[in-house]
Amino acid sequence: MLDALDPAVADAYAAAGLDYKPRYTPIVRALARHGPMRIKDIAQGSGLSHSAVSQTVSALAAAKWVELKAGADGRERIVHLTRYAVSRMAALERQWEITAMAAASLNDDIGQPLEVVLRKALQVLEEKSFAARLEDARNTAKDGKKKRPATASRS
């Protein structure tokens, strides 16, 4: 799904004159909403792993969207939006609005919110992993039952 959506969103940012990647959004939104934050707090609030946030913050820093400053005890790092980021927030927020409109169009065509479908898929995969499903399918095929479920995609 990301392969179908992310390149189009990234191209839209570039067309709007923004040196920005879709993966930056949860972090930039959190900082815009709450002000400077620790990486740990961004991770907890966004549902992303600490490692993913740390890597994305490094990319944001290299792109001049954020800067890291030492916290009160000197050990923790506090992430701040830069002046560069603040100066581009209006254009970025407009692009987020356009992206939301496009997502709403997709939801209308699907007949339900894509987010609901993806969350449900993640929930059932937590209950039974795709690896376990592949093993079941291998065992079914091995037993001579080559029946394909009607909803299975042919990948």
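Me: First up, Glu 67: buried, partly exposed or exposed?
Reply: Glu 67 is partly exposed, at 35% relative accessible area. Buried means under 20%, exposed over 50%, partly exposed in between (1.4 Å probe, protein chains only). A caveat: this is a predicted model, where local features need pLDDT of at least 70, side-chain atom pairs count only at pLDDT 80 or more, and totals for chains, interfaces and linings use all residues. Residues are numbered from 1 along each chain as its sequence is written, and side-chain values use heavy atoms, with hydrogens and water left out.

Me: Which residue does Glu 67 form a salt bridge with?
Reply: Lys 69, with the closest N and O atoms 3.8 Å apart. The cut-off for a salt bridge is a side-chain nitrogen of Lys or Arg within 4 Å of a carboxyl oxygen of Asp or Glu. Lys 69 is partly exposed too, at 39%.

Me: Where do Arg 38 and Glu 76 lie?
Reply: Arg 38 is in strand β1 (residues 37–38), and Glu 76 is in the loop between β2 (66–70) and β3 (77–81). So the pair ties together parts 38 residues apart in sequence. Strands are DSSP runs (E, at least two residues), numbered from the N terminus.

Me: And how accessible is Glu 76?
Reply: Glu 76 is partly exposed, at 26%. Arg 38 has 27%, and Asp 41 has 25%.

Me: How many salt bridges in the whole structure?
Reply: Eight.

Methods: Helices (H or I, at least four residues) and strands (E, at least two) are DSSP runs, numbered from the N terminus.
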